[in-house]
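Subject: Structure for your files, with notes

Dear colleague,

Please find the structure below, handed over with the sequence. My notes on what was found in it follow directly after.

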Amino acid sequence: MQIIISNNVKGPIYEQIYTQIKKHILTNELQAGQSLPSMRQLAKDLDISVITTKRAYEELEKNGFIFSIVGKGSFVSEQNNEMIRERKMKVIEEQLMDAIQNSKEIGLELTELEELLRMLFKEEA
């Protein structure tokens with residue numbers, strides 16, 4: 001599992017960790033039952049505070065992505081397919097809202113944005 005911390009990203013570092021681990025789980029790069037690095041090890045690897053990794057893990061656990069066993073570590077939770085779909089839809093909506101905002105800022109018309117989306121969708125198929 002690779003996590004990249006960027007100083008150019010808005011928001012706290014724990015959110016970057018949370019977002020990247022969540023993405024690894026939702027894309028099945030991390031499978032149910034798979035162990036995560038310890039909070040201390042991840043903090044050491046990323047050269048950040050253990051408090052930061054602890055906060056990210058707490059958020060992941062609170063939102064059902066991981067579970068922790070005292071003395072054993074943190075593990076990827078079994079994911080409900082319907083919940084995964086809902087979470088992914090939320091991410092897509094947020095990304096589309098960003099795209100719409102950027103489009104408005106440069107004066108891109110809806111038809112141009114739709115065409116761009118169709119073209120990109122075909123490239124991925």
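I begin with A43, which lies in helix 2 (helices are DSSP runs of H or I with at least four residues, strands are runs of E with at least two, and both are numbered from the N terminus). A43 counts as buried because its relative accessibility is 2%, where buried means under 20% relative accessible area, exposed over 50% and partly exposed in between, with a 1.4 Å probe and protein chains only.

Before going further, please note that this is a predicted model, in which local features need pLDDT of at least 70 and side-chain atom pairs count only at pLDDT 80 or more, while totals for chains, interfaces and linings use all residues. Residues are numbered from 1 along each chain as its sequence is written, and side-chain values use heavy atoms, with hydrogens and water left out.

Not counting residues up to four places away in sequence, A43 touches I48, S49, V50 and T53, a contact being heavy atoms within 4.5 Å. I69 stands 26 residues from A43 along the chain, and the C-alpha atoms of the two are separated by 19 Å. Within helix 2, the buried residues are L42, A43 and L46. They are on the same side of helix 2 because they cover an arc of only 100° around the axis, the arc being that of the directions from the helix axis to the C-beta atoms. The face of helix 2 that is turned away from the buried side carries the exposed residues R40, K44 and D45, whereas the cover over its buried residues includes helix 1 and helix 3.

Helix 2 is followed by D47, which is found in the loop between helix 2 and helix 3. D47 has a positive phi of about 60° although it is not a glycine, and it counts as exposed because its relative accessibility is 71%. N28, in the loop between helix 1 and helix 2, is likewise not a glycine and has a positive phi of about 65°; with a relative accessible area of 49%, N28 is partly exposed.

**The nonpolar core**

The largest nonpolar core has 20 residues, and those with the most contacts inside it are I17 and I21; such a core is a set of buried Ala, Val, Leu, Ile, Met, Phe, Trp, Tyr and Cys residues joined through side-chain atoms within 4.5 Å. At least two residues of this core come from each of helix 1 (13-26), helix 2 (39-46) and helix 3 (50-62), and helix 1 gives the most, with six residues. If neighbours within four places in sequence are left aside, I21 is in contact with M1, I3, L30, L42, Y57 and L60.

T53 is found in helix 3 and is buried, with a relative accessible area of 0%. The side chain of T53 reaches the backbone oxygen of M39 at 3.0 Å, which is listed as a polar contact (a pair of N or O atoms within 3.5 Å; within protein, one must be able to donate a hydrogen and the other to accept it, and residues adjacent in sequence count only if both atoms are side-chain atoms). Not counting residues up to four places away in sequence, T53 touches I17, M39, L42, A43 and I48.

S77, placed in the loop between strand 2 (73-76) and helix 4 (81-105), counts as buried at 12% relative accessibility. A polar atom of the side chain of S77 lies 3.3 Å from the backbone oxygen of I66, and, leaving aside neighbours within four places in sequence, S77 is in contact with A32, G64, F65, I66 and F67.

**The protein as a whole**

The protein has five helices and two strands, which follow the pattern α-α-α-β-β-α-α along the sequence. Its radius of gyration is 18 Å, whereas a compact globule of 125 residues would have one near 14 Å (taken over C-alpha atoms, with the globule rule being 2.2 Å times the number of residues to the power 0.38). The C-alpha atoms fill a box of roughly 55 × 35 × 25 Å along the principal axes, and 26% of the 125 residues count as buried.

With best regards
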